[in-house]
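Good morning, and thank you for coming.

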Amino acid sequence: MTTTAETMPYAEAIAAFEPVLGLETHVELGTASKMFCSCPTAFGADPNTQVCPVCLGLPGSMPVVNRMGVESTIRMGLALNCSIAEWCRFARKNYFYPDMPKDYQISQYDEPLCFDGWLDVTVETDDGPRAFRVEIERVHMEEDTGKLTHAGGATGRIHGADYSLVDYNRAGIPLIEIVTKPIVGTGELAPLVARAYVTELRDLMRSLGVSDVRMEEGSLRCDVNVSLNRAGDDWGTRSETKNVNSLRSVERAVRSEIERQAAVLSSGGRVIQETRHFHEDTGRSTPGRSKEQAEDYRYFPEPDLVPVAPSREWVEELRGTLPELPSAKRARLRAEWGISDHDFQTLVNGGALELVEATIAEGVDPAAARKWWTGELARIANDREIELADVPVSPGQIKHIQRLIEDGSLTDKLARQVIEGIIAGEGDVDDVVAGRGLAVVSDDSALLAAIDQALVDQPDVAEKIRGGKVQAAGAIVGAVMKATRGQADAAKVRALLFERLGVSE
Amino acid sequence: MTAITRAEVEHLARLARLQLTDDELDHYAGQLDVILQSVARVSEVAAEDIPPTSHPIPVQNVFRDDVARPGLDRSAVAAGAPAWEDDRFRVPRILDEE
């Protein structure tokens, strides 16, 4: 089903309306076991092999809370400057949908574990970086749902499917939901602020170690609320766009919804409160359930679980485990590396910060570390349309390669071939160097033999050089490079050649 | 005064995927009303200083360590499924009602 929604060009939409955003972000925690049972949480296991009576909702089974799930949520709440509830409960969210076999999801309702926090984010504008404070409404605990595959029908999508298949491995994996307060005053920067916020959340969770946030595996999912109003008017009716699963899509979803609502409003129409589904392929959304009638979850306190009442001692103990947070770390690294705001932002935007940091920690010179990750490796990531972190080359391998360059065993050109080999699965650095025969020919006698051969092959050139025409040396150096299959250091060949002929440059 | 209206019962029935006839709605609305009014009497004796409880035993903070253990054997899982295909539960088409 497709809907060709009329849209208004973005600049025009922003000139006429002010956007108000709200973001609900769900992130799977990186615990070893599920939130309410001991089933493993490994990604990619065979369907329905990580399930038990609790997460299958079998009669008589009883949930027990995973302490790590509570601790991770409190730590995230603290990192988001939230207050931590002294007492709170879980709640049942009732709905009939086969992704939850219990016919309810255990969540939290009016008593979230963490509330009233904030997160500062920075977006790049033409006038330099601009900071926004995003207020956090709440952070609460819940469980993920099973995974549906729609079968039959022509499209493989839910519409037109004949039936669905369900894998409950994901059902019960701990989730935290982070909800912002309405974000106002962002104007045309709204899509960038939304993206910066989700990026910062991701980095925060990674630095806390509560989740590795593998977005391509769907471990972070965002619901984007957008409304528009004319300056001075009350806030408009909001829509909620679900299924927004990448940083780029967060930005696109906000932008496309502003363009859509602006077109509706400016033609005298009314925005309806509804859930919309975002489509990665088109960057547009289509209407889903109409909220006004579909949502009635009849929350009530979960009778199978007792309240969670974190003592202040426990909270302070957890506060003591917080690492240096990403914003503080960025400020420190920028100062330590002594690079410009612009260069630093390039590293951050390219996803290179952690990789450069790790490479420097391996003992590589900062400038060389930056050069690799923003140069050759960024190019490879770009060509393959993958995240830099997913390029299968490690900071340790970069250290190894850099060391070989520094001791003259590799040239930059050969080093790039080593990287190519690692990515092609030819093994570690030494394996590729040996397998492809990539070591620089630095043995003087071997180079001199090649030089002598080239001089014999090109006697006229040899004569010119002896006569003082040093620019003719290129032909000999070229022949030597060819003979050594590019594995000699050209500058060294040149020096040896002049030495051989008794000519000074 | 009624504690629950017929319209509310109809709404609840729809949420619970129960299809009730008009006669049944009248019948159950009356019965539920009696039940709710009886339960409501509790609030007449509950004083301001008695906090509402959601759990019969006064315990809190019951947690387990984050240790993974194998779950059920898949053949056992499949044995409990009404329909099974491709190692997954097979369920009827969704969104029919939209």
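In which helix is A:Asp203 found? Please bear in mind that what we are viewing is a predicted model. A:Asp203 belongs to helix α3 of chain A, which covers residues 190-208. Is this aspartate buried or exposed? There are 20 other C-beta atoms within 10 Å of A:Asp203, and the cut-off for a buried residue is 20 or more, so A:Asp203 is classed as buried.

I now move to a pair of helices in chain A. Two packed helices are described by the angle between their axes and the distance between the axes. For helix α2 (residues 67-79) and helix α6 (residues 312-319) of chain A, the angle is about 70° and the axes are 9 Å apart. Angles of 65 to 115 degrees count as roughly perpendicular, and α2(A) and α6(A) are therefore described in that way. Their crossing is right-handed. Which residues meet there? From α2(A) come A:Glu71, A:Ile74, A:Arg75 and A:Leu78, and from α6(A) come A:Val315, A:Leu318 and A:Arg319. Sorted by class, this contact has four nonpolar and three charged residues, with no polar ones.

Let us turn to the two chains together. Chain A contributes 40 residues to the contact and chain B contributes 30 residues. On the chain B side, β1 (63-64), α4 (74-79) and β3 each supply at least two residues. The largest share on that side is from β3(B), with five residues. The chain B side divides by class into 13 nonpolar, 12 charged and five polar residues.

Strand β3(B) also takes part in a sheet that includes strands of chain A. In what order do the four strands lie? The order is β8(A)-β9(A)-β3(B)-β2(B), in an open sheet with antiparallel pairing. Why is one side of β8 of chain A and of β2 of chain B left without a neighbour in the sheet? Both β8 (147-151) of chain A and β2 (84-85) of chain B stand at the edges, and each has a single partner strand, so one side of each lacks a neighbour.

Definitions and conventions. Residues numbered from 1 in each chain as written. Chains lettered and ligands numbered in written order. Predicted model: local features only at pLDDT ≥ 70, side-chain atom pairs only at ≥ 80, totals over all residues. Pairing = 2+ DSSP bridges. Contact = placed C-beta atoms within 7 Å. Nonpolar A, V, L, I, M, F, W, Y, C, P; charged D, E, K, R; others polar. Axes fitted to C-alpha atoms, helices over the stretch in contact; angles between N-to-C directions. Parallel < 35°, antiparallel > 145°, perpendicular 65-115°, else oblique. Left-handed = near helix turned anticlockwise from the far one by under 90°. Buried ≥ 20, exposed ≤ 12 C-beta atoms within 10 Å, placed from the backbone.
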